[in-house]
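Me: Could you walk me through how to read a surface patch and a buried residue in a model like this?

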Amino acid sequence: VLALNALRVPIIPLNTRLQSDQILHLLKSVDANLVIIDSTNTRLFQGINKSINCVDVNELRRTTKIGNGYAPNLKGSEEYKQFLISLSSGSTGNPKPIVLSEKNKLDRSEQMISLYDICSDDVILCASPFFHTLGQRLTLLPLLVGSTLIQLTRFTAKTWSDAVYDHRVTFTIPVSSHLHELVEPMLATPNRFSSLRCIVSSSATIDNAIKKQFFEHLSCSFHEMYGASEIATATNLNREQSVSKPESVGIPCPGVEVQVVDDNLNPCRKNEVGQIKVKSQLASTGYYNLPQITEESFVNNFFLTGDLGFLDEDGYLFFVDRKKDVIISGGMNIYPSDIESVILEHPKIKECAVIGVHDTYLGEVPVVVVICPGEDTHSVEREVRSKLQNTLAATQRPLKYFFWDHFPLTDSRKVDKLSIRRTLNELKLDLTSKLRAFQNA
C-alpha cells in the first residue's frame with residue numbers, strides 16, 4: 001500500500017469474498033486498470049483477467065528489486081487527494097466508492113490517538129479485513145505511532161483470545177458481533193485478557209446485558225462509537241457515560257457537529273426522532289465519479305447519514321433505526337435491493353423484500369419474504385438458493401425464507417419494511433448458531 005502510495009496510484013481494497021462478476025462490477029465503477037492478487041485468490045480472478053490486467057504479487061516479489069531507504073512523506077505539503085477509494089457496497093448493485101485523501105486518513109488516525117490515548121507502547125490487534133475502513137485504520141495506525149500491530153487473517157473467538165494473551169495486546173476495536181462472540185471466553189478466564197488497556201466497540205450497538213458483564217469482569221476502559229465510512233468516528237461513549245446513558249451512542253467527538261433534522265432538513269426538537277447529519281473535518285470529499293449522489297449526501301458541509309435518531313437534553317445521541325435501506329451484518333454493509341434484484345429474476349416470484357433481522361452475533365442478518373401465489377414454495381426456495389449460491393457473496397445470501405400472501409403497505413402504498421422487520425424480530429430467530437459453531441470449530 002505504501003509503495004503504491006509513493007507512486008501516486010489510487011488504492012482500492014477489494015472484498016475477495018465476493019463472486020467474480022461482483023468484483024468485476026466494482027472494478028468498472030472505479031475505472032480500475034490493474035489488479036494485484038496472490039496465490040490464495042487466483043481462482044477468483046480467472047474470469048476477470050480477460051477484462052482487466054491481473055498481476056501476481058508473488059511474481060512482483062521475484063522480479064522486482066526492492067530498494068532501501070524509502071520513507072513516505074506522510075506530512076509533506078503535497079496532499080494526494082485520491083490516496084484510497086473505499087467501496088461502501090460490496091454487492092451487485094451500484095457501489096458508492098468513497099474517496100479518501102492522505103490527509104483524511106492521517107487525521108482519522110490522529111483522532112483515534114487522541115480519543116483513546118494511543119502511544120508507541122501499545123500492542124494493537126486488527127481482526128477486520130483491509131477492504132473495510134476499520135481494518136485500514138487499525139493497520140495504518142501502528143505505523144504512525146511506532147506501536148506493534150497484530151493482524152488476524154480470520155476471526156474466531158479462539159484466535160482473537162489467543163492473540164491477546166500471547167502478544168499482550170493493549171488496544172483493539174472489535175465489531176460488535178466479535179464482542180458478542182467473545183463474552184464467554186472473557187468471562188470464563190478474565191485473567192487472559194488482563195493486558196487490555198482499552199476496547200472500542202464498533203459497527204452496531206451491543207446488548208446492555210453484555211456490556212454489564214464486561215464491566216463486571218474487565219477493568220479496562222471501554223468505549224462505544226457511532227460513525228460511518230464517509231465521516232469516520234462521529235460520537236464517543238466511554239464506560240462512565242454508558243452507566244448513566246446505556247442506550248446512547250455518545251456525544252460528538254471534538255471537531256464534530258451532530259444534528260437531527262426532519263424530512264425538510266429543519267432541526268428537530270430535543271428527544272424528537274429525525275435523520276442524523278454530521279459535520280466533520282474527517283469527512284470524505286465524496287464519491288468517485290458520482291457528483292449527483294455526492295451533492296445529495298453532502299449538504300452544506302453536513303453528511304446525511306440516512307440513520308434515524310435523536311439528541312437528548314444533555315446532547316447525547318441515540319440511534320433508533322436506519323432511514324436508508326441497508327443491513328449492517330458483522331460490520332459489513334448489505335444492500336437489500338442488490339439481493340432483491342437477483343431474486344426477482346425467478347419467473348415464479350411476484351414480489352420479495354429482503355429484511356435485516358436482529359441477531360445477537362452479527363447485529364443483523366438478511367432474511368427474505370417472498371410472494372409467489374399458487375407456487376410450490378419448497379421448489380421455489382431451492383431454486384433461488386441455488387441461484388444465489390453462484391451470484392452473491394455468502395454474507396448477502398438470506399439465511400431464511402418466508403412466504404407470505406401479501407406485504408403490509410405504508411400510507412403511500414409502499415412496502416412497509418419497518419413493519420415487516422418488527423414482525424420478524426418478534427419471532428426472536430437465532431439464525432447464526434451453525435456459523436458460530438463453525439467458527440469456533
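Reply: Start with patches: they are made of residues with over 30% relative accessible area and no salt bridge, where like charges are joined within 9 Å and nonpolar side chains (Val, Leu, Ile, Met, Phe, Trp, Tyr) within 5 Å. A salt bridge is a side-chain nitrogen of Lys or Arg within 4 Å of a carboxyl oxygen of Asp or Glu. Accessible areas come from Shrake-Rupley with a 1.4 Å probe, and for residues only the protein chains shown count as cover. This is a predicted model, with local features needing pLDDT of at least 70 and side-chain atom pairs 80 or more, while totals for chains, interfaces and linings use all residues. Residues are numbered from 1 along each chain as its sequence is written, and side-chain values use heavy atoms, leaving out hydrogens and water.

Me: Which residues form the nonpolar patch on the surface?

Reply: Leu34, Ile36 and Leu60, with about 230 Å² of accessible area together.

Me: Is isoleucine 36 buried, partly exposed or exposed?

Reply: Buried means under 20% relative accessible area, exposed over 50%, partly exposed in between (1.4 Å probe, protein chains only). Isoleucine 36 has 39%, so it counts as partly exposed.

Me: And why does tyrosine 401 count as buried?

Reply: Because its relative accessibility is 8%. Contact means heavy atoms within 4.5 Å. Beyond neighbours within four places in sequence, tyrosine 401 touches Val368, Val370, Glu381, Val384, Arg385 and Leu388.

Me: What share of the chain's residues count as buried?

Reply: 50% of the 441.
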